[in-house]
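Let's take a walk through this one together.

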Amino acid sequence: MFQISEVLRKVPFFQTLGKDGIDFIVERLKFKPFEANALICKAGDPGDKMYIIINGEVKVVVTSEGGDENLIAKLTTGDYFGEMALLTGEPRSASVITTEGAEMFILNQSDFDVIIERFPSITLSMGKIMSQRLRETLKKAAAKPSSGGITTVRGNLQERKLVDVLKFCDNNSLNGKVVVKSGSEVGEFHYEKGELKMVKLGDLPEDRALDTMLNWPEGEFVIEPRPMQMEGLQEKAAAKPKEKFVIVIVNNSMIVQKLLQRAFDSMGYEVYAVETAAKAKNMVKSMNPHLVIADTKLPDAAGSAFISELRESSALPVVMLTETSNRSQYEAETSQYQNVHFTNSHEVGEVVKVVEGVLS
Ligand code: CMP
């Protein structure tokens with residue numbers, strides 16, 4: 001008979017939680033045995049559960065267009081799987097099949113969400129493992145190029161919102177670009193490993209280009225992946241400057257998050273992005289960052305309300321994303337708080353300038 005706590009001690013993300021955290025999770029785990037060769041997750045299906053292996057072994061596989069099974073990984077006691085669909089809302093990235101009889105703990109999406117809300121640090125350790133897994137999967141895929149070559153995906157903006165297309169590229173670690181056409185205008189989003197690197201639309205600055213394209217009511221898009229170049233990636237990662245400051249970005253717009261994240265990331269900052277005030281407050285508690293960059297329009301705390309909530313527990317500097325047109329309004333609304341700074345626009349260069357000024 002297994003000891004629950006012994007199994008959980010082997011699960012990396014539990015190790016960061018205290019006894020309370022583990023007890024909280026243990027109450028929500030459901031036990032389930034599986035026979036050998038049981039298909040637990042099927043690639044492409046929606047996913048609402050994650051699994052922790054108590055004993056036994058599973059294989060993680062993707063099936064090529066020709067029907068060949070491509071082994072990605074084998075997982076065993078203390079490993080977990082199925083977290084990607086829960087974290088990203090995307091379909092299962094691979095199929096998971098038992099190679100022998102196995103016993104598992106299962107966590108439902110609703111319990112998972114509660115746990116993430118209560119212990120946001122889990123998202124970070126899981127996120128790191130998730131990106132390693134994605135990289136690994138891409139590496140394997142790159143080592144065995146499919147005979148069909150690279151497939152493009154196309155569609156129109158009435159059926160799929162551009163923001164969802166970009167989210168898809170993000171979640172699937174796209175290397176390549178998304179070309180968007182509306183009437184005679186053509187714009188491009190360039191991605192590297194799921195990170196938005198450049199936005200192009202004529203001569204417009206990136207944020208204007210983004211706003212414009214996100215507001216196109218109709219048009220077409222094509223996702224054009226390019227082959228992953230594995231060589232050089234490791235050197236690039238190794239060449240990255242040593243991380244110095246930790247920044248939390250709280251912004252409702254995934255695109256703004258990405259643009260800022262990309263800029264600060266490339267400058268060697270450690271950057272975390274969330275979309276609500278509640279998540280930002282949790283993140284501040286768990287990460288103890290040097291600075292927060294906050295939008296004025298958060299879904300759960302508009303404008304200065306976020307600053308007043310944050311100031312109940314933290315005095316750290318906040319840069320509010322304001323524009324010349326609304327800056328003085330927010331300056332007045334937050335005048336009783338120390339260490340609140342403002343931008344004159346949402347342009348990445350302006351935000352970087354203000355943040356660097358505050359942290360220098
Ligand atoms: P999900 O996408 O929800 O469903 C399939 C699961 O397989 C996925 O979550 C991960 O937990 C797991 N998985 C995918 N790729 C890898 C990998 N490279 N290494 C280990 N596990 C993986």
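Among contacts in the chain between residues at least 6 apart in sequence, what percentage join residues at least 24 apart? The figure is 69%. Keep in mind that you're looking at a predicted model, so everything here is computed from that prediction. The chain has 360 residues, and 44% of them count as buried. Along the way you'll pass 13 helices and 20 strands.

Ile54 and Leu8 are separated by 46 residues in sequence, yet their C-alpha atoms are 8.6 Å apart in space. Is Ile54 buried or exposed? Its relative accessibility is 3%, and since anything under 20% is called buried, Ile54 counts as buried.

Now move along to a sheet. Five strands make up this open sheet, in the order β9-β13-β10-β11-β12, and the pairing is antiparallel. Which strands stand at the edges? They are β9 (153-156) and β12 (195-201); each has a single partner strand, so one side of each has no neighbour in the sheet. On average, neighbouring strands here are turned by 15° against each other, if you ignore direction.

Zoom in on one pair within that sheet. Strand β10 (residues 176-182) and strand β11 (residues 185-192) run antiparallel and are joined by seven bridges. If you'd like one to click on, pick Lys181: its bridge partner in β11 is Val186. Helix α7 packs on this sheet, where it touches β10, β11 and β12. The direction of α7 makes about 80° with that of β12.

Helix α7 also has a helix to pack against. Spanning residues 206-214, α7 packs with α9 (residues 254-266) at an angle of about 160°, and their axes are 11 Å apart. Angles over 145 degrees count as roughly antiparallel, so that is how α7 and α9 lie relative to each other. Their crossing is right-handed.

Which residues make the contact? From α7 come Glu206, Leu210 and Leu214, while α9 brings Ile255, Leu259 and Arg262. Sort the residues of this contact by type and you get four nonpolar, two charged and no polar ones. So if you colour by residue class, Leu210 is one of the nonpolar group and Glu206 one of the charged.

Definitions and conventions: Residues numbered from 1 in each chain as written. Predicted model: local features only at pLDDT ≥ 70, side-chain atom pairs only at ≥ 80, totals over all residues. Heavy atoms only, no water. Axes fitted to C-alpha atoms, helices over the stretch in contact; angles between N-to-C directions. Helix = DSSP H or I, 4+ residues; strand = E, 2+ residues; numbered from the N terminus. Parallel < 35°, antiparallel > 145°, perpendicular 65-115°, else oblique. Left-handed = near helix turned anticlockwise from the far one by under 90°. Contact = heavy atoms within 4.5 Å. Pairing = 2+ DSSP bridges. Buried < 20%, exposed > 50% of the residue type's maximum accessible area, 1.4 Å probe, protein only.
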